[in-house]
Amino acid sequence: MKDQGYLRYCLLSFLLLTSLVLPGKSSATSWAYSFVVWNGYIYVVSDEHVTEVGSEIGHVTKYSDMESYPGNFSNSFAKGTKYYSIKGISKNEAIAVEKSKGQYIKAYREAEYEVRGAFDGYFDGQQGPIKIFVLFIIGILAVIFFYRMKGKKNP
């Protein structure tokens, strides 16, 4: 019974230390502008209407105003919203987004789109080495603890 109390204490301490070192990310994202992603590039949505669209080139595969996703993602248009080429304009410059049935708005290509992972940038900055060191110490203590517990069970 004493070993179970010690085990609980160690597990709770490990969880507490880990939660202090790796706090959860904020669930909301603040976007500077409305955009769509197509073919690996961000296209910033404008208020400019388009009258002469070409062929359909894609559609929104994932919508979220909270997180970034891979694929044809948008922070302002629903899944299934269609993208079109614009007659006389290169797709490297702009595309048309179907705002409503038969109405299109122009989206200008801004930059290559990169999806950031959960820990991207977390270990950067002045506190990065400290966070890595603390995680390293927690890992070593966890290994020592589990080897001791294994040794007590098999005398």
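Student: How many salt bridges does a search of the whole structure find?
Tutor: Start with the idea. A salt bridge is a side-chain nitrogen of Lys or Arg within 4 Å of a carboxyl oxygen of Asp or Glu. The search of the whole structure finds 2. This is a predicted model: local features need pLDDT of at least 70, side-chain atom pairs count only at pLDDT 80 or more, and totals for chains, interfaces and linings use all residues. Residues are numbered from 1 along each chain as its sequence is written, and side-chain values use heavy atoms, with hydrogens and water left out.

Student: Which residue forms a salt bridge with glutamate 48?
Tutor: Lysine 106 does, with the closest N and O atoms 3.2 Å apart. The pair links distant parts of the chain, 58 residues apart. Glutamate 48 is in strand β2 (residues 41-50) and lysine 106 in strand β8 (residues 103-112). Strands (E, at least two residues) and helices (H or I, at least four) are DSSP runs, numbered from the N terminus.

Student: Is lysine 106 buried or exposed?
Tutor: Buried means under 20% relative accessible area, exposed over 50%, and partly exposed in between (1.4 Å probe, protein chains only). Lysine 106 has 9%, so it is buried. Glutamate 48 has 37%, so it is partly exposed.

Student: Which residue forms a salt bridge with lysine 82?
Tutor: Glutamate 56, and the closest N and O atoms are 3.9 Å apart. Lysine 82 lies in strand β6 (residues 82-86) and glutamate 56 in strand β3 (residues 53-59), so the pair ties together parts 26 residues apart in sequence.

Student: Where does the charged end of arginine 109 sit?
Tutor: The rule is this: NZ of Lys or CZ of Arg must be within 6 Å of the ring centre and within 35 degrees of the ring normal. Arginine 109 has its charged end over the ring of tyrosine 41, 3.4 Å from the centre. Lysine 62 lies over the face of tyrosine 69, at 4.8 Å from the ring centre.

Student: Which residues make the nonpolar surface patch?
Tutor: A patch takes residues with over 30% relative accessible area and no salt bridge; like charges are joined within 9 Å, nonpolar side chains (Val, Leu, Ile, Met, Phe, Trp, Tyr) within 5 Å. Accessible areas come from the Shrake-Rupley method with a 1.4 Å probe; for residues, only the protein chains shown count as cover. Here Phe133, Phe136, Ile137, Ile140, Leu141 and Ile144 make a patch of about 560 Å². Isoleucine 140 is in helix α2 (residues 128-153). At 36% relative accessibility, isoleucine 140 is partly exposed.
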